[in-house]
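Welcome, and please open your viewer.

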Amino acid sequence: MEEKTFQLNDIVEMKKPHPCGNNRWKIIRMGMDIRIKCLGCAHSVLLPRKEFVKKIKKVFPAGENS
Ligand SMILES: [Zn+2]
């Protein structure tokens, strides 16, 4: 199984795009649960860590602009 690493302020791409059409989210809170904010519409959601890990497709570490 692939282990994904991520940290606060990282940008993540989800498997399913948000209804607003955006597919990138920023990690704005870390803990038992992860809070991410949609970069398209600024909507934020709280996901249990396990579920979050299952839903992310790609992580763009903060500070890397590619
Ligand atoms: Zn959105």
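Predicted model: local features only at pLDDT ≥ 70, side-chain atom pairs only at ≥ 80, totals over all residues.

**Stop 1: the core.** Begin by selecting F6, V12, M14, W25, I27, I34, I36, C38, L47, F52, I56 and V59, the twelve residues of the largest nonpolar core. Nonpolar side chains tend to be buried together in soluble globular proteins.

Now keep F6 selected and show what surrounds this residue. Which residues does F6 touch, leaving aside those up to four places away in sequence? The list is I27, M30, I34, R49, F52, V53, I56 and V59.

**Stop 2: the pocket.** Next, select M14, K16, P17, H18, W25, I36, V45, L47 and K55, which line the largest pocket. How is this lining divided by class? Six of the residues are nonpolar, one is polar and two are charged. The volume of the largest pocket is about 170 Å³. If you still have the core coloured, look for M14, which is listed in the core and also in the pocket lining.

Select E13 and R24 for one of them: their side chains meet in a salt bridge, with an N to O distance of 3.9 Å. This pair links distant parts of the chain, since E13 is in strand β1 and R24 is in strand β2, eleven residues apart. Is E13 buried or exposed? E13 is buried, at 13% relative accessible area, whereas R24 is partly exposed, at 35%.

For another salt bridge, select E51 and K55, where the closest N and O atoms are 3.4 Å apart. How far apart are E51 and K55 in helix α1? The helix covers residues 49-55, and because the two are four residues apart in it, about one helical turn separates them. E51 counts as partly exposed, at 33% relative accessibility, and K55 is also partly exposed, at 37%. Before moving on, select E13, R24 and K57 together: salt bridges that share partners join these three residues into one network.

Stop 3: Select N9, in the segment before β1. Although N9 is not a glycine, its phi is positive, at about 75°. N9 is partly exposed, with a relative accessible area of 38%.

Then go to A42, in the loop between β3 and β4 (44-48). What is the phi of A42 near? The value is near 70°, which is positive in a residue other than glycine. A42 counts as partly exposed, at 49% relative accessibility.

**Stop 4: a loop residue.** Select N22, which lies in the loop between β1 and β2. Is N22 buried or exposed? N22 is buried, because its relative accessible area is 16% and the cut-off for buried is under 20%. Leaving out residues up to four places away in sequence, N22 touches P17, C38, L39 and G40. To try a distance tool, pick the C-alpha atoms of N22 and E51: they are separated by 19 Å, and the two residues are 29 apart along the chain.

**Stop 5: back to the helix.** Finish by selecting K54, in helix α1. K54 is exposed, with a relative accessible area of 60%. How far is the C-alpha atom of K54 from that of M14? The two atoms are separated by 9.2 Å, while the residues are 40 apart along the chain. M14 brings you back to where the tour began, as one of the residues of the largest nonpolar core.

Technical notes
Residues numbered from 1 in each chain as written. Heavy atoms only, no water. 1 Å grid on protein atoms, 1.4 Å probe; cavity = no way out; pocket = protein on both sides within 12 Å on 5 of 7 lines; lining within 4 Å. Points joined across faces, edges and corners; volume = space filled by probe spheres on them. Nonpolar A, V, L, I, M, F, W, Y, C, P; charged D, E, K, R; others polar. Core = buried A, V, L, I, M, F, W, Y, C linked by side-chain atoms within 4.5 Å. Buried < 20%, exposed > 50% of the residue type's maximum accessible area, 1.4 Å probe, protein only. Contact = heavy atoms within 4.5 Å. Salt bridge = Lys/Arg side-chain N within 4 Å of Asp/Glu carboxyl O.
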